[in-house]
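Let's take a walk through this model, starting with the overall picture and then zooming in on a few spots. Keep the viewer open as you read.

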Amino acid sequence: MNEDFLQKLYTLEQHIQHYNEGIDIGVHPFDIADLLIEIREINEDTYMASLNKLPSTLLAEVLVELPKSFQEELYTHYGPKKLAKLTESLDTDDAAVLIQHIEEVDEEKADAIMSNLSDEDRDTIEELISYQDHEAGSYMQTEVFEAHVDETIGASIHRLKKMKANREIDNVHHVFVVSDKRKFVGMIPLEDLILHGPKELYRDVIEEGMITISVDPHDEIKNVIETVVNYDLSVIAVVNQRGILMGRITADDIYDIIEEGATEQIYNLAGVNDTAEQEESIWKIGRARGVWLGVNLLTAIAASLVIGLFDATLQSLVALAILMPIVASMGGNAGTQTLTVTVRQMALGDIEADEAKKTIFKEVFISLMNGVVYAVTMGLIAYIWFQIPMLGIVIGMAMIVNLLSAGFFGAVIPLTLKKFGVDPAIGSTVLLTTVTDVVGFFSFLGLATIILL
């Protein structure tokens, strides 16, 4: 074994020893997971042995940080009782995700794990997984640091110390103030508590700096994200219709959702299925990509049919075949710019239905402005290149027409798809490419037929 491997192994064992001794190791579970991945690349047996040395609480936290394929291996390796113990060590939101993931791999094992959980944990997880993926409740964590309005600040801080020492709660930045029957009053940043004495009641301080913003567990998660971003929150309370505090959604989950959404958009714009890309099977990935390639082939044939209508024109003037790709390429790039900006602004909620016309006019104007500039530029280049004055006029006019259509359809296509309840990112690129190719070829070759021949 090389020295680097031994050093990694020693570092990991030191972390485990310190953790067992109750010493704050100052290392995030992600770093330990990353260390284990590096160990696995060198020796898989040592990797498994190291995993088995991890205390259950730490192993559970490390497990959720491992790549999905690694997690699935461990679901098979560990029995239901072991996995149940790991599940109970996690925060409730992570525990619910873990059970759902195991259910995708082995439904029977997931049921066996649930039967090995305590009644309280099982009821909590069943409630969380009952929410739809798009609902706030599915991302909720039931562990919160709460205090009653009639409790003193000092007593609540004493409770928090005990909870932290017993690792009952983490990521605490706010105290959630409740009244009788856990009715949510508001939350106060912990840093604000230092301004008050330990004998003061929460009832007397809740008016100062208290945050009363909350969401319903059935709210759309995209609306929750918008609220969190707009109000610069690190955590948001989840409250049911009766005003009772149910849990919280923390910033780490919000960041994950934002990242997943951005990744999905990028994939969809490229005609790639983000779920399929996580598969290990090359066949499944290839098949998912092939669907949109097939659609693209059909649209490419449509563009070729347009070119075929002007075969006599192309045979008469070879320069047209040389310049033709420029018109289509400029239109395609201009359309992609408009499409990307429009889809992203729609995802961020910056474009509503009543602003659609304004968006279209703006994009058409920008395309017209660029179209005129590059039409003049390309017209002069074509004239100097082929010494045919009217050829420069033809390509200039065609470029203006195509960039105008690119700006118009780059905004209209995603807006129309959204109106019909379709994700604007899905298929937009293929549709737009078809439009810019067809319009570009038809306008260029059509004008050439009328003007030059």
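This is a predicted model: local features need pLDDT of at least 70, side-chain atom pairs count only at pLDDT 80 or more; totals for chains, interfaces and linings use all residues.

Of the 453 residues, 43% count as buried. As for contacts between residues at least 6 apart in sequence, 69% of them join residues at least 24 apart.

Now for the inside. In soluble globular proteins, nonpolar side chains tend to be buried together. Here, the largest nonpolar core has 65 residues, and Y47, L51, L66 and V224 are the ones with the most contacts inside it. Helix α2 (residues 29-42) provides the largest share of this core, with six residues. Pick out L66 and look around: setting aside neighbours within four places in sequence, L66 is in contact with A33, I37, Y47, Q71 and L74. Apart from that core lies another one, of 27 residues, including A303, A319, M378 and A382.

Next, a helix pair. Helix α3 (residues 44-53) packs against helix α5 (residues 68-77) at an angle of about 70 degrees, and their axes are 13 Å apart. Because angles from 65 to 115 degrees count as roughly perpendicular, α3 is roughly perpendicular to α5. On the α3 side the contact is made by Y47, M48, L51 and N52, while α5 brings F70, L74 and H77. Sorted by type, the residues of this contact are five nonpolar, two polar and no charged.

Two buried residues are worth a click. P217 sits in the loop between β4 (214-215) and α12 (221-230). Is P217 buried or exposed? With a relative accessible area of 3%, P217 is buried. Not counting residues up to four places away in sequence, P217 touches Y131, E135, A136, G137, V238, V239, N240 and M246. P217 and A237 are 20 residues apart in sequence, and their C-alpha atoms are 9.6 Å apart in space. The other one, T342, belongs to helix α16 (residues 318-347). T342 has a relative accessible area of 1%, so it counts as buried. Again leaving out residues up to four places away in sequence, T342 touches I351, T359, G410, A411, P414 and L415.

Finally, have a look at some backbone angles. You'll find N171 in the loop between α10 (153-165) and β2 (174-178), and at 33% relative accessibility N171 counts as partly exposed. Q387 also has phi near 55 degrees, again positive in a residue other than glycine. Q387 lies in the loop between α17 (356-386) and α18 (389-419). At 55% relative accessibility, Q387 counts as exposed.

Conventions. Residues are numbered from 1 along each chain as its sequence is written. Side-chain values use heavy atoms; hydrogens and water are left out. Axes are lines fitted to C-alpha atoms, for helices over the stretch in contact, and angles run from 0 to 180 degrees between N-to-C directions. Helices (H or I, at least four residues) and strands (E, at least two) are DSSP runs, numbered from the N terminus. Angles under 35 degrees count as roughly parallel, over 145 as roughly antiparallel, 65 to 115 as roughly perpendicular and the rest as oblique. Contact means heavy atoms within 4.5 Å. Ala, Val, Leu, Ile, Met, Phe, Trp, Tyr, Cys and Pro count as nonpolar, Asp, Glu, Lys and Arg as charged, and the others, Gly among them, as polar. A nonpolar core is a set of buried Ala, Val, Leu, Ile, Met, Phe, Trp, Tyr and Cys residues joined through side-chain atoms within 4.5 Å. Buried means under 20% relative accessible area, exposed over 50%, partly exposed in between (1.4 Å probe, protein chains only).
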